Amino acid sequence: MFFSLFCCMMIAQILQKIMNSKGVTEDCLGWAARDASGVLSPYKFSRRAVEDDDVYVKITHCGVCYADVIWTRNHHHDSKYPLVPGHEIAGIVTKVGSNVHRFNIGDHVGVGTYVNSCRDCEYCNDQVEVNCVKGSVFTFNGVDYDGTITKGGYSSHIVVHERYCFVIPKSYPLASAAPLLCAGITVYSPMIRHKMNQPGKSLGVIGLGGLGHMAVKFGKAFGLNVTILSSSISKKEEALNLLGADKFVLSSDQDQMKASAKSLDFIIDTASGDHPFDPYMSLLKTYGVFVLVGFPSVIKFSPGNLNIGMKTLAGSITGGTKDIQQMIDFCAEKEIYPNIEVIPIEYANEALERVVNKDVKYRFVIDIENSLRA
């Protein structure tokens, strides 16, 4: 009898493990766009089963990024409908696969802009998976290696390989963590790569939106002297008093720009609208570095403004898994928090329209946990 009881217990444990790692697919509730109008509405779909290396994340919050506008509205003519947007995901682990050792049930975690990569190329081996030779798999509107179309964080849960999950310290609010997974890492990664963390150096930030305001916060935390470069005088008060920048330069004022010539070691350009580059290049010191993280339709500048002074022009997107975890830990240690407006899922359509109109200070975050209902 004891042996039979022991066998039953062992079988129960095995079955539980199978359920955790090889269980049936589960229905997921989300909000999706059905066509290029981009209008979101409730949508039910199935997530894959939790496999051996997977983490099941109950989503509590999801940031609203301009990428959500781009793909819900088919700006790149590659949107796959129904499309569930969202790649700034924060939540709580509720299941783990049998091979998962980094995470436990109850852990707070984040998921960023990609959820898979080949894991075998030189870039994956260096933990810069965003540059995977075979292409990283986007968190939404991507084609995963099994042929399925990925669906993002405007949803109740997500199943992700543990490699693409990030530990969020429980002391750090999940709502604040969400924007770090795209807006934060997009500026943090090039700042680290180009050594923009040297106290006493000077940083210029073009664009004061979701990305730009994080560049200001990181710059101040690194001990930089931060100048905000804006074409709108209305941004001056918030730049200096709300975000704590050291200086504000009105880029449309030629006298202010001339007075700032050769004053900056670094510039991060977060603006995606078309704008001239020569006036900003003239602000760099010798050996200065200009990093573009926005996506204007064209880049034009005089070669002399690059070559004279031996300046560097670089581009960047998000970052690898190593940088992402390092950034989250840095934000928790230094108590760096994005400025956010928390909204219910029902407000998502209005929020996307306000993102288009640049009417947000500085990132919308959807309260999935308390507003997404069947």
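Me: In this predicted model, why are helices α5 and α11 called roughly perpendicular?

Reply: The axes of α5 (residues 183-193) and α11 (residues 321-334) cross at roughly 100 degrees and come within 10 Å. Angles of 65 to 115 degrees count as roughly perpendicular, so α5 and α11 get that label.

Me: Which residues make the contact there?

Reply: On α5 you have G184, I185, Y188, S189 and I192, and on α11 there are D323, I324, Q326, M327 and F330. Contact here means heavy atoms within 4.5 Å.

Me: And what is the make-up of that contact by class?

Reply: Between α5 and α11 there are six nonpolar, three polar and one charged residues. Gly counts as polar, and G184 is one of the contact residues.

Me: What makes strand β17 "mostly covered"?

Reply: Buried means under 20% relative accessible area, and five of the five residues in β17 (residues 363-367) are buried.

Me: How do you know that both faces of β17 are covered?

Reply: In a regular strand, side chains alternate between the two faces of the sheet. For β17, R363, V365 and D367 sit on one side, F364 and I366 on the other, and all of them are buried.

Me: What makes β3 and β16 pairing partners of β17?

Reply: At least two bridges are needed for strands to pair. β3 (residues 54-63) and β17 have three bridges, in the antiparallel sense, with G63 standing opposite V365. β16 (residues 340-343) and β17 have four, in the parallel sense, and I340 stands opposite R363.

Me: Which way does the chain cross from β16 to β17, and what is the crossover's hand?

Reply: The chain goes through helix α12 (residues 348-356), and this β-α-β crossover is right-handed. That label requires a clockwise path from the first strand over the helix to the second, with the strands pointing away from the viewer.

Me: Why do β12 and β15 count as edge strands?

Reply: The open sheet of six strands runs β12-β11-β10-β13-β14-β15, with parallel pairing. β12 (247-250) and β15 (312-315) each have a single partner strand, so one side of each has no neighbour in the sheet. Neighbouring strands in this sheet are turned by 20 degrees against each other on average, ignoring direction.

Me: How do you know that β10 and β13 pair?

Reply: Strands pair with at least two bridges, and β10 (residues 202-206) and β13 (residues 264-269) have four, in the parallel sense.

Me: What lies across β10 and β11?

Reply: That's helix α6 (residues 210-221), at about 170 degrees to β10.

Terms used: Residues are numbered from 1 along each chain as its sequence is written. This is a predicted model: local features need pLDDT of at least 70, side-chain atom pairs count only at pLDDT 80 or more; totals for chains, interfaces and linings use all residues. Side-chain values use heavy atoms; hydrogens and water are left out. Axes are lines fitted to C-alpha atoms, for helices over the stretch in contact, and angles run from 0 to 180 degrees between N-to-C directions. Helices (H or I, at least four residues) and strands (E, at least two) are DSSP runs, numbered from the N terminus. Angles under 35 degrees count as roughly parallel, over 145 as roughly antiparallel, 65 to 115 as roughly perpendicular and the rest as oblique. Buried means under 20% relative accessible area, exposed over 50%, partly exposed in between (1.4 Å probe, protein chains only).
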